[in-house]
Amino acid sequence: MVQDLKWETNANRPETEKKAQYHIRCVPGDIAKYVLLPGDPERVPMMANLWDESRHIATYREHVTYTGKVAGVEISACSTGAGGPSTASALEELAEIGAETFIRVGTCGAMQDYIDPGDLIICAGAVRYDGTSDQYVDSKYPALANQEVVMALIEAAEKLNVKYHVGLAYTSASFFCGQGRPGFNNYKQSWMETILNDMQRAGVLNFEMEAATVLTLSHLFGLRAGAVFSVVANRVKDQFAYKGTAIEQSVAVSTEAVKILAHWDQLKKQAGKKYFYPSLLKSY
């Protein structure tokens with residue numbers, strides 16, 4: 001565990017000679033290729049409890065990291081905290097020391113009336129109002145989930161018999177005004193009052209705060225990423241119901257998806273293919 005090092009290094013990319021990463025305090029060998037990204041640090045040990053074996057790697061700021069194995073597959077989980085900036089720092093540093101596939105596991109508020117608290121949403125892409133991804137690429141660049149990760153999440157949800165929806169998320173940099181809620185003392189501006197209705201009409205499924213950052217950066221860096229959300233609110237019906245069972249389901253689905261992706265990756269390796277082909281499903 002890398003906690004109390006003296007950080008005297010390059011300002012351009014702060015890391016020690018052993019490549020200890022500044023924000024997550026991890027070194028090469030600490031992290032698996034497959035990484036789950038919850039926002040809440042307390043969800044990381046909850047995830048690790050589902051694995052066959054696990055060990056605590058580091059705790060620093062909002063980032064709690066565990067690594068272990070499930071069904072023989074090496075897996076890690078690292079909390080990102082809320083919002084794009086801390087998520088980007090974590091993803092950058094995880095990638096630096098070997099992470100290749102990311103699954104964002106979070107909560108969200110639905111904006112379609114047929115989606116209930118307790119359902120899951122599998123993210124196919126995101127509207128980029130996270131603020132952070134704009135610092136990496138033009139705002140017209142899409143935030144798309146990797147198709148293999150989406151397919152694996154769907155396969156996992158079907159296998160576990162979990163109610164789910166697939167579609168677009170709206171990633172906001174703000175929990176309140178940026179998602180059409182009034183700020184303190186009922187602060188609002190006129191454009192905030194149209195966000196929910198405009199996005200609902202555009203077929204967007206939910207509000208959340210990290211997916212666009214994860215998806216955009218992963219694609220820019222040549223990595224894979226997807227996201228699955230537990231619905232804790234329906235904004236159209238003005239319902240809020242934080243259900244622990246939904247959180248447990250998203251954790252179970254994301255973990256099962258890692259097992260599926262690892263199997264597909266092995267099939268691709270055996271077939272000498274870089275990308276997944278539907279014909280490989282016959283072997284699963």
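**Quick briefing: cores, hairpins, cysteines and a helix**

In β3, Ser-54 has Gly-68 as its bridge partner. That pair belongs to a predicted model, where local features need pLDDT of at least 70, side-chain atom pairs count only at pLDDT 80 or more, and totals for chains, interfaces and linings use all residues. Residues are numbered from 1 along each chain as its sequence is written, and side-chain values use heavy atoms, with hydrogens and water left out. Overall, the protein has six helices and eleven strands; helices (H or I, at least four residues) and strands (E, at least two) are DSSP runs, numbered from the N terminus.

**Whole-protein numbers**

- Buried residues make up 53% of the 284 residues, where buried means under 20% relative accessible area, exposed over 50% and partly exposed in between (1.4 Å probe, protein chains only).
- The accessible surface comes to about 13400 Å², and carbon and sulfur atoms hold 50% of that; the areas come from the Shrake-Rupley method with a 1.4 Å probe, and for residues only the protein chains shown count as cover.
- Among contacts with a separation of 6 or more, 73% join residues 24 or more positions apart; a contact means heavy atoms within 4.5 Å.

**Nonpolar cores**

- A nonpolar core here is a set of buried Ala, Val, Leu, Ile, Met, Phe, Trp, Tyr and Cys residues joined through side-chain atoms within 4.5 Å.
- The largest core has 68 residues, and those touching the most other members are Leu-36, Trp-51, Leu-94, Phe-102, Ile-103, Leu-153 and Phe-229.

- Strand β2 (residues 53–60) runs antiparallel to β3 over seven bridges; strands count as paired if DSSP finds at least two bridges between them.
- The β2–β3 hairpin has two residues between its strands, and Arg-61 in the turn shows a positive phi of about 55 degrees.
- On the next pairing, β3 and β4 (residues 73–78) are antiparallel over six bridges, with Thr-67 opposite Ser-76 in β4.
- The β3–β4 hairpin also has two residues between the strands, and Ala-71 takes a positive phi near 55 degrees.
- Strand β3 (residues 63–70) is mostly covered, with seven of its eight residues buried.

**Cysteines**

- If a disulfide is a pair of cysteine sulfur atoms within 2.5 Å, the count comes to zero.
- Cys-78 is in no disulfide, and the nearest cysteine sulfur, that of Cys-26, is 6.2 Å away.
- Cys-78 is buried, at 0% relative accessible area.

**Helix α2**

- With 13 residues (84–96), α2 reaches 18 Å from its first C-alpha to its last, close to the 18 Å expected at 1.5 Å a residue; that expected span is 1.5 Å times one less than the number of residues.
- Its buried residues include Gly-84, Ala-88, Leu-91, Glu-92, Glu-93 and Leu-94.
- The buried residues of α2 pack against β1 (34–38), β3, β4, β5 (101–110) and α5 (211–220).
- Gly-98 follows α2 and has a positive phi, near 120 degrees.
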